[in-house]
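Here is a short walk through a structure. Start with one chain, then turn to its partner.

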Amino acid sequence: MIQVKVELYGAFRNCGWTEREVDISLSGPVTVAELRRAFAERLGELAPGFSFERLLGDSAFANDTRLLEPNDRIEASCRLAILPPVCGG
Amino acid sequence: MEQVVCRVSEAPIDLARFVSGLGAPGHGAQNLFFGAVRETNHGKRVLAVSYDAFAPLAEATLRDICGEAAGRWGEDLRFRVLHRTGRLGVGELSVAIGVSSRHREESYQASRYVIEELKKRAPIWKKEHYEGGETEWLKGHALCQGHQHERV
């Protein structure tokens, strides 16, 4: 079993889920593309009134050092972040 | 002193500390850019802006950007980049960029490069607070533009 904690940033903080992260349980290693589907399913359960499909489509998964590509593999429990479009400055 | 210092922090920007240590004996130019919270945006009166950031990757991205600028305008350039998080009132500084170089042209160019790339690439977000209590997360640049992922 792999546990992935996905930290929420930017507009995802308005989703209605009171925590700043979403826990996802996976039966084994997955690609980031598969994680994206699992995240969408879990967020839909936790924040049923939040319309996030378009936002998620424009968002990237990342770890502390780099953006993750859809084919990158998640092999072990870890902490990641979901990054909506950015606008610092 | 370190050649590149990039920080994302809730702490207010201390201008004296920011400038000290930026220059180098062989440098004759120090370019400073500050971004501040503006009182209007798209015709709406802004009372404050809340900044959110994924700090570890934001700092790594800022270091990458400074490294790219050094590659283009001089490996001896020195950089300081600070970005605030948290709620800031109108007029407060949200970002400070300092570039030191031998001559002014390089520091002007490098500073402009850093702020433009920061806006497109650093995982930082802002939510504006308007008169009347309305708030809005501002739209920005998608970091996944080159990724081919399915819409779910």
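This is a predicted model: local features need pLDDT of at least 70, side-chain atom pairs count only at pLDDT 80 or more; totals for chains, interfaces and linings use all residues.

Residues are numbered from 1 along each chain as its sequence is written, while chains are lettered from A and ligands numbered from 1 in the order in which they are written.

Chain A holds 2 helices and 6 strands. Helices (H or I, at least four residues) and strands (E, at least two) are DSSP runs, numbered from the N terminus. Their order from the N terminus is β-β-β-α-α-β-β-β. The radius of gyration of chain A, taken over C-alpha atoms, is 12 Å, close to the 12 Å from the globule rule for 89 residues, so chain A is as compact as a globular protein of that length. That rule is 2.2 Å times the number of residues to the power 0.38. The C-alpha trace of chain A spans about 30 × 30 × 20 Å along its principal axes.

Now the contact between the chains. Chain A gives 29 residues and chain B gives 31 residues. Two residues are in contact if their C-beta atoms, placed from the backbone, lie within 7 Å. On the side of chain A that touches chain B, the elements giving two or more residues are helix 1 (32–46), helix 2 (53–57), strand 4 (60–62) and strand 6 (78–83) of chain A. Helix 1 of chain A gives the most, with 4 residues.
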